[in-house]
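Trainee: Please take a close look at one part for me: the interface between the two chains. I would like one connected account.

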Amino acid sequence: MYACLYAEGNLALLVECARYFSPRYEEYSADAVLVDLRGAGLLFGSWAEIADAMQRRIGVAANIALAGDPDSAFFLARSRKGITLIHPGEEAEALASVPLRLLPCSSETAAVLHAWGFSTFGELAALPAAGIAARLGAEGTALLRLVRGENNRQLRTVETPRSFRDDIELESPVALLEPLLFLLGRLLNELCAALMRSALSTDEVRLALTLENAPTHSCVLRLPIPLCDPMVLLKLLQLELGERPPAAAILKISLELEPAPPRKTQHNLFVAAGPEPQVLEVTLAKLRHLLGADCVGAPHLLNTHRPDAFSMQHFPGNAAAPQNPFPAQPALALRRYRPPKLAQVTKHQERPAQVRSGALRAKVIAAAGPWRTSGDWWNTLAWNRDEWDVALANGVLYRLYEEVGSQRWFVEGVYD
Amino acid sequence: MFTSALLRRVETSLSPKFRKSFSLQERPVAACMPSGVQQVEFPRGTLAEIYGPASSGKTGLVYAALARATRVADYCALVDAGDSFDPVSGRDAGIDLNQLLWVRCANNAEHALKAADLVLQAGGFAMVVLDLAGVPASEARRISLTSWFRLRHAAEKCNAAFVVVEEERNAGSCSTLQVETKQAERCFEGALLHGLRADAVQGPRIRSATPYSALQRFGI
């Protein structure tokens, strides 16, 4: 059994009323809501009682019609005032007097029906189906089902967003990490079980801790892949709280998991399997906790000629990287000093002759350069320097550079 | 004679029940990761050391091995104790940077060891490189044999080629393969440094079926 609630300009009231009686409802138009009442009889009584209860709940003058299919309920609510109750199987008879102007059809079909002299549903419903199909095509067949009350369709229901959130109010403040983790573990077990029952995972964990005499401590964990393992999530929260502990004792814990479709993977026989995603995520979190967030990841080269310009992205990276041709033999690699080491360079005939930097003191026996490089002159990252590749008397190959403006020398790295 | 007869009787009665104890266990030959230099390969599931002074070509050799691994879509990790990895050099060597986990340890050898342990325990990496060449040699020497054994055991468990790059050998008997690099020749042509030629001397592989080779000269 379906109900149509019709009241011009009161959609919010109609939706609120529909939600009270059933989780399955459709916002048919700006003035009408269709409700699936299957099973509602067990909770709210007979259909007449349900219709009365709906009218009282809406509060304003509304047309309410109950019928065996949703479209028939809508046409009846549009054409009749007050409450209309039609038992299943009686739709055709009830719809006979509904004016044809309420039928949703194309302008051409409406013109044809007008030309035939029809003005009610009943007149159209009396025609043979084969004739309508021959003259009006598929649209005519669909219209015939509507006017006869035979259009049994499913509602286009509105999905109410589900929330996976739980709170715990503590009887006494918690100041230590261990008991906090115990409570978080309990919450995560329940929330992850709820996610799994809905065939969902989570890609964001939001934790809010109400503190004693201090502002609320919040943290948000954004996961690169959806997970539903409470142990992994607990470990990530532990690392996060260890790095940024709350400033005071905790009075209340609020934990929310953002639902996300679970990750689907298609393994490939010819592609090497990488680390397990959950294990990798925990490992990366442990590394970040040990070394710092900027020290772990996949390197990504920036689109600039500026020396040593890169960023760290989450591993594994997904930046579009042009594949250079594979070198035929190992390439000469530069081992950088970060930061570059200040040096004193003595020149002879405009070429470096001697280098002193920290413990390094040696003569230059071969030098290639200078290679002028500059850029970013329009911002604070500007650079302008002359680079040299030098071989020192100790046999080591270095890259040096001289800043053109300040004439300071630096050792950028060693070739190896 | 009585002893040998008794021994045969014991073997006959026990060998059906305890076959493994009475049969010769052959260790399977480990798969190897190529380096781009002929006959220099890094076996998986073992600890290999590549060592040499600065500008001896060891870094270029390791980057070439990483390039070959990442190009076949294997994940690799570089635990950079001295924070000296140059992403441009890595790209030019052919490394797919998206497949490389770079762990920067800011000149802290202790953190580098912990990081290498975490990465090996996670598993799933075809090659894990621990670059100790950027830290002072005295710090690298202080790494205990127990730590090396632990790392080697972790590499065996996850079947990763664990390669340690350093200026001198430190892992002792824990390493299955040792490759020493020495600079042979620098190639300067006019105002350009073309590269260098280096020698890779490969030490004997312990418990491996393949014979070792001596000198391999390669250019970078």
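Mentor: Start with a definition: two strands pair if DSSP finds at least two bridges between them. Helices (H or I, at least four residues) and strands (E, at least two) are DSSP runs, numbered from the N terminus. By that rule β10(A) and β5(B), residues 100-104, pair in the antiparallel sense over two bridges. Val296(A) has Val103(B) as its bridge partner in β5(B).

The model is predicted: local features need pLDDT of at least 70, side-chain atom pairs count only at pLDDT 80 or more, and totals for chains, interfaces and linings use all residues. Residues are numbered from 1 along each chain as its sequence is written, chains are lettered from A and ligands numbered from 1 in the order in which they are written, and side-chain values use heavy atoms, with hydrogens and water left out.

Now the extent. Chain A brings 59 residues to the contact (heavy atoms within 4.5 Å), and chain B brings 66. About 5,000 Å² is buried between them. That is accessible area (1.4 Å probe) lost on putting the two parts together, summed over both. Carbon and sulfur atoms give 62% of it.

Next, the charged pairs. Four salt bridges are counted between chain A and chain B. Each needs a side-chain nitrogen of Lys or Arg within 4 Å of a carboxyl oxygen of Asp or Glu. Lys58(B) and Asp416(A) form a salt bridge through their side chains, at 2.8 Å, N to O.

On chain A, the elements giving two or more residues to the side that touches chain B include α11 (277-291), β10 (296-301) and β17 (409-415). α11(A) gives the most, with eight residues.
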